[in-house]
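The sequence and the structure come before the discussion.

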Amino acid sequence: YRELHTFELQAPTRLIEWARDSRVCVAGYAQCGGNEILQLIPPPRLQAKEAQGLCPERDFKVECGGFSKHPVYSLKHVPDTSLLVTSGPPDSSVQVWQVSAEDSDVIKSVGTIVTENSTGQPWAKIATISARAPWVLHGSTLDNVQITEVQLRKNVYTAGSQDHEELSGLAFLDSATALLCCARGRLCVVDMRQPWGGTQAVPTPAGLHGQRWCMATLCAHQGSHPVARLSSTGLLTLTDLRKASEPLASARARVPSPGAAAEFLCVSWAPALRGCLAVSGFDGTVHVYDTQSWDSSGREAEPTFVHKGHAVGGSGDPPLVTAHTWHPQRPRTVLSAASDGSLHVWDWVQP
Amino acid sequence: AGQDVGRSCILVSIAGKNVMLDCGMHMGYNDDRRFPDFSYITQNGRLTDFLDCVIISHFHLDHCGALPYFSEMVGYDGPIYMTHPTKAICPILLEDYRKITVDKKGETNFFTSQMIKDCMKKVVAVHLHQTVQVDEELEIKAYYAGHVLGAAMFQIKVGCESVVYTGDYNMTPDRHLGAAWIDKCRPDLLISESTYATTIRDSKRCRERDFLKKVHETVERGGKVLIPVFALGRAQELCILLETFWERMNLKAPIYFSTGLTEKANHYYKLFITWTNQKIRKTFVQRNMFEFKHIKAFDRAFADNPGPMVVFATPGMLHAGQSLQIFRKWAGNEKNMVIMPGYCVQGTVGHKILSGQRKLEMEGRQILEVKMQVEYMSFSAHADAKGIMQLIRQAEPRNVLLVHGEAKKMEFLKQKIEQEFHVNCYMPANGETTTILTNPSIPVDISLGLLKREAAIGPVPDAKKPKLMHGTLLMKDNSFRLVSPEQALKELGLAEHQLRFTCRVHIQDPRKEHETVLRVYNHLKGVLKDYSVQHLPDGSITVESILIQATAHSEDQGTKVLLVSWTYQDEELGSYLTSLLKKGLPQSTA
């Protein structure tokens with residue numbers, strides 16, 4: 001490690017999202033209610049480019065917080081606004097929140113985006129963009145994917161699919177194109193200017209069915225950057241959307257077997273470290289891989305670094321890493337959270 | 001920075017008693033703003049008359065720094081309560097600070113050494129969990145607060161109303177002190193510090209690891225590490241930390257502790273061993289935990305020795321004395337390091353170098369160039385949001401009041417507390433008055449006879465349901481008694497008056513009086529099956545204790561007048577009977 005800082009949240013979170021002005025959001029996911037959404041100011045040392053050792057402020061500060069009756073599984077900041085959107089059980093609706101840090105430190109609920117027949121549906125996956133207006137792309141299955149304008153909560157687009165296949169993630173590629181990832185592995189590139197029929201599908205890697213998949217995209221390099229998919233057995237495939245027929249590369253992450261449930265599977269590209277991605281959700285560790293050396297053989301890859309902090313120490317069952325995210329500017333800084341409420345910020349030495 | 005800044009001074013009025021909690025000095029100001037504004041207490045009149053007592057929670061200057069000013073310069077002669085360690089250590093810190101403010105900075109409107117001594121003469125020391133009677137009605141009790149040696153949380157009780165003031169406290173134990181603890185005392189109000197309420201702290205382990213890493217690195221490359229500390233407080237914590245590390249890593253570089261400092265610290269920790277944590281007490285039996293193997297007494301001359309070393313020296317902000325002397329010697333070498341262990345007041349060298357200044361003007365216009373590494377760390381022990389919730393859970397107050405240095409918005413924490421504990425949460429600003437409404441309970445003795453009698457009436461008493469009872473409340477001197485009316489009359493020497501109601505009901509009945517009476521009797525007997533209805537030989541009817549007599553109307557033989565007569569006690573039945581009879585009699589059959 002170059003640096004390691006451990007914090008303890010009052011309640012575990014399964015999301016770590018960046019909001020504006022380098023704020024970090026976390027939220028509780030307890031079924032019994034009383035969940036808190038917290039917007040945190042990271043310690044000043046994280047904002048500096050160079051490590052400073054013993055800096056004046058090493059702590060996170062809770063800047064504002066809100067209360068949610070329902071578990072919060074997903075949260076996204078709506079760019080260019082002071083709004084947040086969240087989603088979670090028991091249905092596929094999306095909650096809208098207002099963060100107004102000036103006059104009050106309470107994150108207020110300002111509305112809900114309810115979709116038709118949303119009850120009983122799995123929870124919605126969400127993505128946000130502020131192109132012509134602040135939009136949230138949301139849906140829990142292929143047939144209920146829509147885009148809603150956040151401030152007026154008006155529908156602006158509905159994908160026309162009839163397929164009831166469950167989604168594991170979605171992302172905006174640009175203001176007219178979205179990428180949907182099905183839980184069974186299929187990717188769909190949706191052009192919102194065209195009817196559903198024109199959707200380009202990227203199939204699940206051959207012969208690998210019965211697993212659960214999630215994906216990672218990289219905001220800044222939409223068209224050109226490969227999409228990574230991670231399966232619940234640890235298989236990673238990289239696909240270039242421009243040449244979607246053949247996967248670019250694939251490898252197998254070293255995961256314990258039998259694996260844990262695919263509840264917290266998470267894969268993400270490093271925004272400032274070319275070709276690097278991180279994988280978590282199988283146990284109490286986070287793996288970092290350099291994909292530049294990968295080929296299409298699918299053999300086991302050696303991680304560049306493994307963060308074991310969450311699994312070390314404490315008694316009882318080791319916790320599961322529930323979420324991780326990269327620091328947007330510092331190349332090797334990662335934040336990770338686990339089911340025991342721990343929140344780690346770490347940075348490793350380049351070998 | 002500066003989460004240790006602020007002066008604490010709270011005035012509580014409870015059941016007619018006025019208590020002042022803490023009397024802190026704000027170390028960021030150089031004028032009278034550093035003292036609390038005592039005119040809030042009373043505009044005229046003597047403070048001694050107005051205040052019933054003053055309580056000091058611990059020896060940090062932002063909690064006791066203004067005490068000599070308050071008691072000797074503003075004027076207060078009443079009792080001042082604090083724990084034994086606080087009483088022992090306060091005067092040392094006050095004198096230290098006085099010396100620097102007056103001697104070094106040359107200020108005039110400040111208390112003198114004699115004032116500190118006179119002030120401490122007014123102090124009454126208390127033990128933990130000892131109930132102290134301030135006067136007949138006001139009592140106080142101290143609870144362990146962690147944080148620093150001798151720090152306490154105080155419960156202030158008058159009758160059945162109580163307030164708990166936390167001072168500064170810590171809910172997690174550290175290397176030399178335990179965690180704060182309070183019982184389920186259910187005060188009407190809990191006043192808690194909340195400066196760290198919005199902080200999610202970096203784990204102590206990481207902090208310590210980084211501190212040790214820095215010290216180790218410096219010592220490995222032959223540099224010297226200066227750690228300015230206050231006489232007591234975090235210094236002991238860091239000593240234990242370094243000693244353990246040196247032992248584990250088998251390091252040879254010497255560690256020094258300012259002379260005078262070690263003895264003093266050892267003396268107080270030995271004296272107040274019960275105030276430290278379990279581990280220290282256990283080890284103390286074998287050896288004095290504060291007698292270190294690797295840490296030795298410092299001599300001024302050592303500062304010039306070549307080679308690596310670590311030195312703990314006072315005072316903590318590099319504002320004078322030995323630590324400043326050593327700093328001047330070592331500042332020019334970039335291999336050396338100074339680690340500031342806490343907040344530094346503006347104007348001190350510590351504050352300047354932490355702000356990034358690298359050229360300092362010393363006395364005699366000398367410029368000191370600072371090439372040594374400057375680091376800061378904070379090991380202060382305060383409760384965060386989780387800790388505050390834990391304390392509220394332990395004490396179960398009916399209301400919570402949070403005090404904090406800055407006027408930050410803490411709506412979120414307020415709502416969190418209100419939602420989780422269903423209590424009111426207040427966050428007043430300086431100078432603001434907060435009123436808490438309480439439900440005082442007044443104990444009343446009830447006479448056994450009355451209790452038995454009232455309990456026998458009506459349904460069986462149910463513990464969960466309130467039962468209405470009738471009695472007379474006698475208030476004599478300070479005793480309250482509930483007795484039966486008869487007994488009250490007897491005790492007061494009053495004659496009992498009987499109240500009787502009589503009502504006339506007219507009934508159309510041409511028959512003879514005794515026939516009417518019979519009709520009435522049969523009617524009532526049929527309707528009032530649960531009551532005792534009797535036909536007396538003298539021609540009257542009784543229903544329980546109610547008397548009914550029939551007479552003919554003086555002018556109209558066809559009308560009979562029924563006289564219904566009842567006592568006040570039978571009001572209900574009497575009214576009922578009257579309205580029943582007014583409805584008329586049923587036609588007799590056959």
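## Salt bridges and the chain contact

A:Arg193 is exposed, with 64% relative accessible area, and its side chain meets that of A:Asp191 in a salt bridge with an N to O distance of 3.0 Å. A:Asp191, by contrast, counts as buried at a relative accessibility of 18%. The model discussed here is predicted, and over all its chains it holds 43 salt bridges.

Two further pairs lie within chain B. B:Lys122 and B:Asp77 form a salt bridge whose closest N and O atoms are 3.2 Å apart. This pair links distant parts of the chain, 45 residues apart, with B:Lys122 in the loop between α5 (113-121) and β5 (123-126) of chain B and B:Asp77 in the loop between α3 (67-75) and β4 (80-83) of chain B. B:Lys122 counts as buried at 18% relative accessibility, whereas B:Asp77 is partly exposed at 49%.

The second pair, B:Lys204 and B:Glu208, is a salt bridge with 3.2 Å from N to O, and both residues belong to helix α6 of chain B, where they are 4 residues apart, about one turn of the helix. B:Lys204 is partly exposed at 35% relative accessibility, while B:Glu208, at 7%, is buried. In chain A, salt bridges that share partners join A:Arg2, A:Glu3, A:Arg330 and A:Asp347 into one network.

| Residue | Partner | Distance |
|---|---|---|
| A:Arg193 | A:Asp191 | 3.0 Å |
| B:Lys122 | B:Asp77 | 3.2 Å |
| B:Lys204 | B:Glu208 | 3.2 Å |
| B:Asp210 | A:Arg58 | 3.1 Å |

The contact between the chains draws 29 residues from chain B and 29 residues from chain A, and the area buried between them is about 2,600 Å², of which carbon and sulfur atoms give 53%. Between chain B and chain A there are 6 salt bridges, and 14 residue pairs are in polar contact, both residues being at pLDDT 80 or more. The elements that give two or more residues to the side of chain B that touches chain A are β11 (199-200), α6 (204-220), β19 (373-376), α12 (385-395) and α13 (411-421) of chain B. Of these, α6(B) gives the most, with 7 residues, and the residues on this side of chain B divide into 11 nonpolar, 6 polar and 12 charged.

Strand pairing also joins the two chains, as 2 bridges connect strand β5 (residues 60-68) of chain A to β11(B), the two running antiparallel. In β11(B), B:Thr199 is the bridge partner of A:Lys61.

Notes:
Residues numbered from 1 in each chain as written. Chains lettered and ligands numbered in written order. Predicted model: local features only at pLDDT ≥ 70, side-chain atom pairs only at ≥ 80, totals over all residues. Heavy atoms only, no water. Contact = heavy atoms within 4.5 Å. Buried area = accessible area lost by both parts, 1.4 Å probe. Salt bridge = Lys/Arg side-chain N within 4 Å of Asp/Glu carboxyl O. Polar contact = N/O pair within 3.5 Å; in protein donor to acceptor, adjacent residues only side chain to side chain. Nonpolar A, V, L, I, M, F, W, Y, C, P; charged D, E, K, R; others polar. Pairing = 2+ DSSP bridges. Buried < 20%, exposed > 50% of the residue type's maximum accessible area, 1.4 Å probe, protein only.
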